[in-house]
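My notes are below, in the order I looked things up.

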Protein chains: 2
Amino acid sequence: MKLFGYWRSSASYRVRIALALKNIDYEYEPVNLLAGEQKSDAHLARNPLALVPALKTDEGAVLTQSLAILEYLEETRPDPSLLPHGAAPRANARAIALTLASEAQPFMNLRIQQYLKSEGGFDDEVMKQWLNTWPGGAMAAVEKMLARTAGDYSIGDTPGLADCFLIPQMFAANRFGVDVSGFAKMNEIYERCQKHPAFEKAHPDNQPDAVKG
Amino acid sequence: MKLFGYWRSSASYRVRIALALKNIDYEYEPVNLLAGEQKSDAHLARNPLALVPALKTDEGAVLTQSLAILEYLEETRPDPSLLPHGAAPRANARAIALTLASEAQPFMNLRIQQYLKSEGGFDDEVMKQWLNTWPGGAMAAVEKMLARTAGDYSIGDTPGLADCFLIPQMFAANRFGVDVSGFAKMNEIYERCQKHPAFEKAHPDNQPDAVKG
C-alpha cells in the first residue's frame, strides 16, 4: 500500500504509527503542504478536501480520514490489534481518539490558525487563549478519561488506537504552545512512546520529507 | 440502555438515528444545554468535556462521542448493519462521517460561534464567511465523495452510518445559514430521509425536550 502524507501533519503521523505498530510495509509519497501540493489535481482526486493523509490500498482503493484508515487496517490486518477486548473498552479507545480528532485538532490546524489571523483579526494573545481554551480544554478532558482507562498506554498496557491520536496531539500542542504541563498522564505516556520503536519510526523528524532545523 | 442528549444537538441526533435504524428501545434523559446542565457534576461524570450525547449501556458503562457509540451499537447489535459489505466501502462510509464530524461540525458548534463573537470579535459578516468557508467547504468535499458512493442514500441504497452524520449536518447547516443550495446529492438524500420512519423518529422536533416555536 502507499501512504500520501506530510511529515508534520498530525493525521499523517497517526496513520504512520498504526502502520508501524502493525508492522505493515508501505510506500510513502510526500505531499508538500507548504508548496500547496494538497491542492493539485492529483491530490484532489484522492481527497476533495485537500487534506492528508490518503492511503492507496493494494487493491487500488484510495482511503481518507485517519480514523477510517485505522479501522480499515484493523479490519484487514487484525494482528496485532490496535483495539482492546470488549465492546465498551473499544468504545473508550475510539472516544479518546475522536475527542482529539474532533474537539482538539480542528481548532489548531495550521490553515485554521492562518485564517483566524488573516480574516478574523486574531492577534497572538487571542490565539493563545483560543488554543488553550479549545484544544487545551479537549486535552484536559482526555486527561480525565485516561484516569479511568490508562495503564502504561492510553488503554491498559498495550499501545493502540488511542495512542495513535494522543502522541501526534501532544507533538502539535508542544509545537503551537498549548500548555500541557498539567496533563501528567498524557506526558507520561508521551515520554514512554518516544522510546517505542514503532512511534520512533513514525515520528515526523524521521520521515524522508522532514525539514531539519 | 439510556441516552443522555439534547433535542437540537447534532451529535445526539446522529445517535438517535442509529438507534432508530437498529430498532433499539432506549430511555431518554434530556440534558438542557441552554440551562447549562451539561456542566453539572452528574453530567461531567458521564463526559468530562461537558458534551452530549452519552449512552449508558445495559451493563452500566457510559460511552461518549457519537461515532464511538455508533461503532459500539454496530458491534453489539449488528443486525441491521449500518455499514456496507467490504473493508474499503466501510472506510468510505466512515470517511464521510469523519469529514462531517471533524471538519464541518466543530466549526459551527454553538459554543464555538459564541466564543468567536464574544472573544474573537466576529461580526455577522465574518461569521457568515467562516461558516461557509469551513463547514461549507467540508460539505462541498462530502458532496464530491457522494458522487462516487451514493445511491438513494450516502453509500448505495441502504441508509447507514454516513447518513446518521449527513442528516444532522444538513439540519444544522440550514439552522445556521450555511449555503447548501449547491449540494444537489446531499439535498436529495436529505429530502428522502425526511420521509423515512427512523429519521422521522430521531428528528429534533420529535423529541420530548423539543421547544416549539
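**Entry 1, the model.** I'm working from a predicted model here, so I read everything below as computed from that prediction.

**Entry 2, domains.** I looked up how chain A is divided. The assignment gives domain 1, covering 2-80, and domain 2, covering 87-198. I then checked the spacing: the centres of the two domains of chain A, taken over C-alpha atoms, are 20 Å apart.

How many residues of domain 1 of chain A are in contact with domain 2 of chain A? I got nine, and they meet 13 residues of domain 2 of chain A. On the domain 1 side, helix 1 (10-21) and helix 3 (66-76) of chain A each supply at least two residues. Helix 1 of chain A gives the most, with seven residues. By class, I noted seven nonpolar residues on that side of domain 1 of chain A, plus one polar and one charged.

Next I turned to the contact between chain A and chain B. Chain A puts in 37 residues, and chain B puts in 37 residues.

Which elements of chain B give two or more residues to the side that touches chain A? I listed strand 4 (62-64), helix 3 (66-76), helix 4 (87-108), helix 6 (124-133) and helix 7 (135-149) of chain B. Helix 4 of chain B has the largest share, at 12 residues. I sorted this side of chain B by class too: 21 nonpolar, nine polar and seven charged residues.

Definitions and conventions
Residues are numbered from 1 along each chain as its sequence is written. Chains are lettered from A and ligands numbered from 1 in the order in which they are written. This is a predicted model: local features need pLDDT of at least 70, side-chain atom pairs count only at pLDDT 80 or more; totals for chains, interfaces and linings use all residues. Domain bounds come from an automatic or database domain assignment. Two residues are in contact if their C-beta atoms, placed from the backbone, lie within 7 Å. Helices (H or I, at least four residues) and strands (E, at least two) are DSSP runs, numbered from the N terminus. Ala, Val, Leu, Ile, Met, Phe, Trp, Tyr, Cys and Pro count as nonpolar, Asp, Glu, Lys and Arg as charged, and the others, Gly among them, as polar.
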